[in-house]
Amino acid sequence: MSIRVAILGYGNLGRGMECAVKQNDDMELVAVFTRRDPATVKTLTDVKVYNVDQLLSMQDQIDVLVLCGGSATDLPKQTAEYAKYFNVVDSFDTHAKIPEHFAQVDTAAKEGGKVAMISVGWDPGMFSLNRLYANAILRDGSDYTFWGKGVSQGHSDAIRRIPGVKDAKQYTIPVEAALEAVRNCENPVLTTRQKHTRECFVVAEEGADKAQIEEQIKTMPNYFADYDTTVHFITEEELQRDHAGIPHGGFVLRTGKTGLNGEHDHVIEYSLKLDSNPEFTSCVLTAYARAAYRMNQEGQKGCKTVFDVAPAYLSTLTPEEMRSTLL
Ligand SMILES: NC(=O)C1=CN([C@@H]2O[C@H](COP(=O)(O)OP(=O)(O)OC[C@H]3O[C@@H](n4cnc5c(N)ncnc54)[C@H](OP(=O)(O)O)[C@@H]3O)[C@@H](O)[C@H]2O)C=CC1
Ligand SMILES: N[C@@H](C[C@H]1CC(C(=O)O)=NO1)C(=O)O
């Protein structure tokens with residue numbers, strides 16, 4: 001029997017999920033839920049769209065609910081709210097606030113006897129896993145993470161939540177000299193500001209105070225305050241013409257030494273090059289939706305991160321197929 005998946009929140013990630021579920025023949029997309037009028041939401045497939053006020057009445061038709069809202073203001077409310085009723089997966093990526101998000105969601109999921117997976121995606125998510133593996137293996141070393149050049153959905157979403165902003169895209173740009181120094185095993189000590197810059201393209205509402213919007217972006221804690229950030233105000237047409245895609249990617253690196261006197265240098269590097277940030281992120285969410293369902297079927301409950309999920313839960317392969325093809 002297929003794993004019955006539903007989506008809450010239909011934006012870039014929601015559309016990505018619609019595509020990702022179709023690529024997994026052990027799953028079916030049973031519904032999309034939105035806070036808007038369903039008639040205004042145009043989907044890529046013929047999946048039914050409901051207003052979120054229908055969600056709880058459909059609890060027995062859904063095995064896993066994937067939360068595709070924004071981390072800035074949606075997921076802090078929605079994940080804990082629905083973890084009481086469904087197995088859920090979210091992509092929460094306000095790194096500084098993950099501990100408090102975990103605690104709130106864990107209480108709700110345990111109360112409902114459900115599994116809730118938070119901060120699933122590539123960062124946090126796949127990059128987190130690779131940072132952990134690298135740290136566990138190369139004990140004498142230094143960690144580095146670089147993103148881009150590409151469009152951060154979390155940062156773009158955060159800008160769009162500012163009053164007076166009609167639309168926005170944020171590019172994260174790695175400082176090439178810093179990346180090169182890391183790859184050369186120079187083990188540089190780098191501040192946040194020395195690793196990336198951020199460039200924002202913003203469409204302001206008619207009559208909005210652009211100076212105030214720019215100030216709110218540049219001082220935004222957890223998103224922009226620690227970076228050198230530039231803000232460009234452009235028209236909706238220019239945004240659609242020049243910034244339509246959502247490519248991204250990045251690198252997790254750990255450089256370390258082995259040998260009794262650190263004679264040998266090693267570099268661990270995990271990299272992603274993504275045409276579509278949301279579609280790739282949705283593929284990760286879909287694999288972890290499979291894991292959430294399976295873990296709950298075994299009687300597990302509570303909040304999990306990618307660190308808590310044995311890889312076998314993610315795969316459609318049988319243990320024998322894994323051993324014969326992946327070892
Ligand atoms: N961990 C990771 O690696 C990653 C995490 N993310 C996270 O995913 C989050 C979601 O990103 P993304 O999908 O790009 O965000 P969007 O802005 O596209 O969508 C966020 C929500 O806004 C609402 N919405 C979407 N379009 C419209 C519209 N035209 N009018 C009104 N409301 C709209 C939807 O909710 P509704 O349908 O209810 O109105 C949607 O769920 C990001 O905030 C980020 O934190 C993203 C990529 C990677
Ligand atoms: N969570 C990010 C995924 C990566 C990209 C990123 C950045 O550019 O700052 N940080 O983490 C996203 O929303 O796209």
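A polar contact is a pair of N or O atoms within 3.5 Å; within protein, one atom must be able to donate a hydrogen and the other to accept it. The legends below describe close-up views of a predicted model.

**View 1. The side chain of R254 makes polar contacts with backbone oxygens.**
R254 is part of strand 12, which spans residues 248-258. Its relative accessibility is 3%. Buried means under 20% relative accessible area, and R254 therefore counts as buried. From this position the side chain of R254 reaches the backbone oxygen of L138 at 2.7 Å. A polar atom of the R254 side chain also lies 3.4 Å from the backbone oxygen of R139.

Helix 6 runs over residues 176-183, and its buried residues are A178, L179, A181 and V182. An α-helix has 3.6 residues a turn, so residues three or four places apart point the same way.

**View 2. Ligand 1 is surrounded by 27 residues.**
The closest of these residues are T34, R35, S71, D93 and W122. Taken alone, ligand 1 exposes 910 Å², of which the protein buries 82%.

**View 3. Helix 5 gives the largest share of the shell around ligand 1.**
Three elements, helix 1 (12-22), helix 5 and helix 10 (277-297), each give two or more residues to this shell. The contribution of helix 5 amounts to four residues. Sorted by class, the shell around ligand 1 holds six nonpolar, 13 polar and eight charged residues.

**View 4. Ligand 2 has polar contacts with D123, R198 and H248.**
A backbone N or O atom of D123 lies 2.8 Å from a nitrogen atom of ligand 2. A polar atom in the side chain of R198 is 2.9 Å from an oxygen atom of ligand 2. For H248, an N or O atom of the side chain is 2.8 Å from an oxygen atom of the ligand. Taken alone, ligand 2 exposes 350 Å², and the protein buries 93% of that area.

**View 5. The shell around ligand 2 includes residues of helix 5.**
The residues that surround ligand 2 are D93, W122, D123, W147, S152, Q153, G154, H155, T172, R198, H248 and N277. Helix 5, residues 153-160, gives the most to this shell, with three residues. By class, the shell divides into two nonpolar, seven polar and three charged residues.

**View 6. An annotated domain covers residues 121-276.**
The unreviewed UniProt entry annotates this span as "domain: Meso-diaminopimelate D-dehydrogenase C-terminal". In the model, residues 121-276 are 31% helix and 36% strand. The end C-alpha atoms of the span lie 13 Å apart.

Notes:
Residues are numbered from 1 along each chain as its sequence is written. Chains are lettered from A and ligands numbered from 1 in the order in which they are written. This is a predicted model: local features need pLDDT of at least 70, side-chain atom pairs count only at pLDDT 80 or more; totals for chains, interfaces and linings use all residues. Side-chain values use heavy atoms; hydrogens and water are left out. A residue is near a molecule or strand if one of its heavy atoms lies within 4 Å of it. Accessible areas come from the Shrake-Rupley method with a 1.4 Å probe; for residues, only the protein chains shown count as cover. Ala, Val, Leu, Ile, Met, Phe, Trp, Tyr, Cys and Pro count as nonpolar, Asp, Glu, Lys and Arg as charged, and the others, Gly among them, as polar. UniProt positions are given in the numbering used here, feature names are shortened, and annotations may be inferred rather than shown by experiment. Buried means under 20% relative accessible area, exposed over 50%, partly exposed in between (1.4 Å probe, protein chains only).
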